[in-house]
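Please look over the model below.

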Amino acid sequence: MSDNSRPLSSDRLAALRTDIAARREELIALTQDLVRIPTLNPPGADYRRCCEYLGARLAAHGFDVRFIRAEGAPGDTDAYPRWNVVARHEGRQAGACVHFNSHIDVVEVGAGWTKDPFGGTVEDGKVYGRGACDMKGGLAASIIAAESFIRLFPDYSGAIEISGTADEETGGYGGVAYLAQNGWFAPKRVQHVIIPEPLQKDRICLGHRGGWWAEIETFGEIAHGSMPFLGDCAVRHMGAVLHKFETELLPAISERQTKMPVAPDGARRSTMNINAVHGGQEELAKGSTALLSNCVPDSCRLSIERRYLVEESYEGVRGEIAAMLDSLKATRPRFDYALRELNHVAPSMTQPDAPIVQTLARQIEAVLGDAPELIASPGSYDQKHIDRIGKLQNCVAYGPGLLELAHKPDEYVDVNDMLDSAIVMAAALAELLLQQSD
Ligand SMILES: [Zn+2]
């Protein structure tokens with residue numbers, strides 16, 4: 001244990017355990033209520049209703065509640081306004097602020113459900129529904145944790161914040177990014193952030209890889225398909241691009257290992273996915289018996305998703321692909337291309353010795369009996385905005401639920417996992433916000 005650790009007394013931990021365990025039914029009901037508000041994104045439905053539900057509950061527990069609309073953010077319209085809620089509870093003395101941030105949006109339902117996706121069915125100790133795991137269960141656990149802590153230790157120092165934010169599933173621009181731009185995550189206001197994403201109750205997620213999405217277009221010249229030599233085939237040019245990727249880029253990037261503990265192991269290196277390729281004429285509708293006309297394609301577009309490491313740079317990732325395209329332009333007759341960036345997310349990694357990591361690690365061990373696994377995520381989440389825009393590096397993801405269930409049919413969260421992680425969250429509040437002599 002490091003020198004600055006403030007071990008929680010066993011009395012305090014026992015009190016939190018007892019209080020939270022007794023609120024099992026309340027935690028289930030809260031999770032059900034949240035699942036029953038179908039905050040689908042896209043389009044960004046029912047955000048206001050969900051924020052008002054959270055605001056009413058937290059105001060009744062002494063929180064100061066603010067509703068913030070991300071006006072002008074992508075997708076913000078009067079039909080689908082991007083509402084967020086931030087609730088703050090002040091302790092009796094000055095001290096650090098611990099913030100729990102959860103996104104309220106959920107992804108589309110998709111096929112294959114045997115349960116009502118917005119019913120909140122409870123069966124065998126699990127709450128089912130779209131968003132139960134990702135991440136309304138984590139949001140509910142953090143609310144129960146904060147309420148229990150405040151009730152048992154009303155004289156604490158510092159502040160507790162709980163936010164419900166929009167649009168994480170589509171980049172977070174109408175949610176955490178907007179709040180960070182407006183000072184809500186400034187290090188002078190907030191010192192510790194826990195994002196209760198479903199990373200499992202015994203793991204702490206330090207951050208995520210970067211991502212760069214781009215479209216490459218190759219050009220050709222249209223001509224009659226019976227005389228291709230009179231034109232120039234954009235699809236064949238794209239074939240040369242793909243050949244370069246297969247023989248040069250993919251082997252090179254797969255050699256690059258990261259020190260980040262990304263789980264699963266396969267994502268502990270640089271990767272690139274080809275998301276789509278479109279060349280020549282529009283595809284005919286399924287079932288159509290028409291024939292394509294005889295034409296040499298004059299355009300081919302390739303969408304790529306390049307996930308990169310904290311050890312790599314954005315400029316390097318972009319430059320490497322541009323250099324390969326330029327080398328084709330120099331050597332391949334008539335080759336020409338356009339490269340368009342579609343989206344960029346910087347990698348983010350909180351240091352393992354950061355206070356929030358150390359505190360959660362100690363409390364996971366105290367509550368669950370085993371030291372946690374420190375991991376990083378292959379895909380990104382809202383930590384990027386808190387880090388890059390908010391300039392706050394003391395942030396992790398920690399919450400109940402199995403990541404494999406996110407976005408799947410019959411998504412669920414286990415009630416015992418929610419209770420255990422709520423106890424860990426409350427114990428972390430006790431370590432960070434109570435004096436040893438209190
Ligand atoms: Zn999520």
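Arg306 lies in strand β11 (residues 299–308). Strands here are DSSP runs of E with at least two residues, numbered from the N terminus. This is a predicted model: local features need pLDDT of at least 70, side-chain atom pairs count only at pLDDT 80 or more, and totals for chains, interfaces and linings use all residues. Residues are numbered from 1 along each chain as its sequence is written.

Arg306 counts as buried because 22 other C-beta atoms lie within 10 Å. The cut-off for buried is 20 or more other C-beta atoms within 10 Å of a residue's own, with C-beta atoms placed from the backbone. Beyond its neighbours within four places in sequence, Arg306 is in contact with Trp212, Met272 and Val317. Contact means that the C-beta atoms, placed from the backbone, lie within 7 Å.

Now for strand β7 (residues 192–195). His192 and Ile194 are buried on one side, Val193 and Ile195 on the other.

Next, the domains. Domain 1 covers 10–208 + 347–433, and domain 2 covers 210–345. These bounds come from an automatic or database domain assignment. The C-alpha centres of domain 1 and domain 2 lie 37 Å apart. Ten residues of domain 1 are in contact with 13 residues of domain 2. Strand β14 (residues 373–377) gives the most to the domain 1 side, with three residues.

Definitions and conventions: Contact = placed C-beta atoms within 7 Å. Helix = DSSP H or I, 4+ residues; strand = E, 2+ residues; numbered from the N terminus. Buried ≥ 20, exposed ≤ 12 C-beta atoms within 10 Å, placed from the backbone.
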